[in-house]
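Please examine the sequence and the model shown here before reading on.

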Amino acid sequence: VTIHRGDYRPPEWQLPDIALDFALGIDETRVTAALSVVRSADAPAPLTLRGDGLTALAVRVDGEGWNDWRMEGPDLVVDLGDRTAAVVEVETAINPAANTQLMGLYASNGMLCTQCEAEGFRRITFHPDRPDVLSRYKVRMEGDKALFPILLSNGNCIEKGESEGGRHWALWEDPWPKPSYLFALVAGDLVVNRDEFVTLSGRKVELGIWVREGDVERTSHAMQALKNSMKWDEQVYGREYDLDLFNIVAVSDFNMGAMENKGLNIFNTRYILADPDTATDLDYDGVEGVVAHEYFHNWSGNRVTCRDWFQLSLKEGFTVFRDQSFSADMGSPAVKRIEDVRLLRAAQFPEDAGPLAHPIRPDSYQEISNFYTATVYNKGAEVIRMMHAMVGAERFRKGTDLYFERHDGEAATCEDFVRAIEDGAGVDLTLFRRWYEQAGTPRVTARIESDEDTGERVLHLAQAVPATPGQPDKAPTLIPLRIKAFDLDGGHGIEEERLVLLDRGEMAVPLGHYRSRPMLSLNRGFSAPVIVDFARAGGELAWLAAHDDDPFARYEALQQLMLDTLVAAVSGETVDHSVVIDAVAQTLGGRAADPAFVAEAVLLPSEAFVGDQMVVVDPDAIRRERLALQAAIGGALEAEWRAILAETPPPAAILSRKAKGGRRLRGVALAYLAATGLPDTPAVAFGIFSDADGMTERQAALATLAHGDSDERVAALDIFYQRYRDNPLVLDKWFQVQAWSLRPDTVDAVRELAGHPDFTLANPNRVRSLYGALTGNQAAFHQADGAGYRLIADLVIALDPKNPQTAARMIPPLGRWKRFDEARQTMMKAELQRILAQPGLSRDVTEQASKSLLG
Ligand code: ARG
Ligand code: ZN
């Protein structure tokens, strides 16, 4: 069944209050839900309560047994006659231990926890389970005190006590009306890291991060990130926290990153736990970013929620923009922007160019879980960022203030947000709204011409949005481009950066008078999420890479230079590596001032990104030419790389910008040095691996060794495994580096690792660390005999019956068949067909595989 955005109808019943009673057990939990319902429709209407795998054990209305109900498929329909209000009570029983989907109430390591977004609440009890039905919740939970010493839910704990048979109970109340997807419950044997935060208006908030015994030492970074986020949201958006208690619980088995349940965020352990011995600097940044993201949802998501799931980007795009801005403020804005753009290009551009392309506000879906995408999240964030860029920080804040004021306590739409920015900031976003309607990455073509009559240099811009499935014809949109022209010849061109609003198909922008062609820096800071085609004159990119005053633009110029060189080489042209080598050498010269930026800037574009530039992707040629360029840079600048590696690394416990940047650059240096194949490089890498006082250096050395064929490789993998076999998050890295390996036998290695005693399909992190890493390894996944495709299809088929959500996330790489040669196309489609032929396939996998096959 396909759900359409245009079919939205307001709910016929409101549920102002809900009382839930849980009798907790790992194998059986009994749930009694008392829903106070009030009719909002004019005429009598049956009350439809959605269910998923539930049976009603008893139904009562206003305290009396009730027979006027029936099952309609998985749903419970209660006929309330002409009543306009009632209390409907329903009893259900669920088995958390058997819940391998990790949606609803499930067991993880003996603890009970929930995940309700988007439609998991209906796996706990019958309910409308749509985000525009908001209720005040009262939750009573009771269970065995030894098994579940800690009992948590949303809001405040207002009462607790002991009961017979070693049981105890707690009563929680959340004063803020919320949709069912924000409900949460946790019961288990947990320990807490406690702290407190005093809000701007003086409210004292108790903070708690709950983890398993032994993990509490690894929660201090998350706690600091939480306090920083609370402060930042007050300073930058004027948003204060609104309860006396804020709890976070870390869970090992989790489908996604984390969940913003009101007052009780539930996290994947990988975004909470960090210490220098087990977490890399990137892991630390991930913890900070996700803690902030979930905290920021308290306003952008919870206080103002979504009317329906088509509006998902309302909360996700905005909240990603907020967490990106926060991380930029906590660290280096330039490096953060580079990382965000790299992620957008790696995950969102391919999605926008493939069979699963959809606008940030989709028009239809079969399974909403399939729409928690890079498009909704990351392109959604870019759309918010463009509005911010067009009106400036101050007016943007006026717009968001108005948004929160207008819609507090409501379920809103993307349109509501745009209108609030228009009204608050005083801007007309009529044309800009196309970003919400149209899928596909716009292409901007640029060229500079000299005007014969006036002698002026004119920038000619043209835009085109490509056709995507279901959207053959596109209209021009509003594209904000930050540009700056550098005059090398003392003319009178513009010296200041300016913002060009490309608001039509074609446009001419006068640049001023220049004696020679100016150096044009275009789409600075990646002000618009577009692809720019700009025919550059020779030497321009090298000049910009060295001299542009926008660090992102410097990075971009060097990347483009590398990309041009690689694409030419892959197309069979003889290329001169020296231009790239010189530019890298020049950039390395600035490493003392900003090692983190330099590390990002000198990294070669990924194999996948090179593939994205080609008409037909040739994974083997890309691998070959990229390794050749890497080896050339490695060899030509060998002395530089060795000098960097000879320095004493900053102690792992120091997380300053400079220390993190220094470690990052050492990782890059080691990779370049190893690419030369010089005989001592395995020993150098093994030395770093052994001497490392933290995970950043240790993992970088291990990953480098994993590409090769040395005895040191075998030794390091073994040492790492023995040391960390009991730490699941670190063991994930051990699987991951092997699946990322550039060795020719990686697909076989992955197949073998899937049979390793520590591998399990039950844990999504473990699945991603092995199979997700393989799909990110272009030449391995696209191995010419199709073994990579087979492996992924086998995984999808095996995982779907247990965990359809995570299974469906493995399909998009198989859906990119159009980009490859015929032999690969045939094999990829055959695997999609094989998946679709499985009996009893989930809605999640069916939607992704059938759309992918259509192309
Ligand atoms: N709202 C969560 C976040 O952005 C993601 C939850 C997604 N859950 C799901 N089942 N798709 O942090
Ligand atoms: Zn989110």
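The model is a predicted one. Its protein chain contains 27 helices and 31 strands. For 855 residues, a compact globule would have a radius of gyration near 29 Å, and the 28 Å of the protein chain therefore agrees with that expectation. The C-alpha trace spans about 85 × 65 × 60 Å along its principal axes. Of the 855 residues, 52% count as buried. Among contacts in the protein chain with a separation of 6 or more, 68% are between residues 24 or more positions apart.

An unreviewed entry assigns "domain: Aminopeptidase N-like N-terminal" to residues 86-182. In the model, residues 86-182 are 0% helix and 55% strand, with the end C-alpha atoms 24 Å apart. The unreviewed entry also lists "domain: Peptidase M1 alanyl aminopeptidase C-terminal" for residues 540-853. Residues 540-853 are 70% helix and 0% strand, and their end C-alpha atoms are 42 Å apart.

The largest nonpolar core comprises 235 residues, and Val186, Val249, Ile266, Ile272 and Val796 have the most contacts inside it. Helix 5 (residues 374-407) gives the most to this core, contributing eleven residues. The surroundings of Ile266 illustrate the packing: leaving aside residues up to four places away in sequence, Ile266 touches Cys113, Gln115, Ala184, Val186, Val249, Val251, Ala258, Met259 and Asn261.

Most residues other than glycine have a negative phi, and most peptide bonds are trans. Glu117 and Ala118, however, are joined by a cis peptide bond, with omega about 0°. Ala118 is placed in the loop between strand 11 (111-115) and strand 12 (135-144).

Asp62 has a positive phi, near 50°, and is not a glycine. Its loop lies between strand 5 (58-61) and strand 6 (64-65). Asp62 counts as exposed because it has 12 C-beta neighbours inside 10 Å. Phe526, likewise not a glycine, has a positive phi of about 55°. The place of Phe526 is in the loop between strand 30 (519-522) and strand 31 (531-534). With 21 C-beta neighbours inside 10 Å, Phe526 counts as buried.

The last stop is a helical position. Ala700 belongs to helix 17 (residues 695-707). Ala700 is buried because 25 other C-beta atoms lie within 10 Å. Apart from residues up to four places away in sequence, Ala700 touches Gly667 and Leu670. Ala700 and Arg664 are 36 residues apart in sequence, while their C-alpha atoms are 8.8 Å apart in space.

Notes
Residues numbered from 1 in each chain as written. Chains lettered and ligands numbered in written order. Predicted model: local features only at pLDDT ≥ 70, side-chain atom pairs only at ≥ 80, totals over all residues. Helix = DSSP H or I, 4+ residues; strand = E, 2+ residues; numbered from the N terminus. Rg over C-alpha atoms; globule rule 2.2 N^0.38 Å. Buried ≥ 20, exposed ≤ 12 C-beta atoms within 10 Å, placed from the backbone. Contact = placed C-beta atoms within 7 Å. UniProt positions renumbered as here; feature names shortened; annotations may be inferred. Core = buried A, V, L, I, M, F, W, Y, C linked by C-beta atoms within 7 Å.
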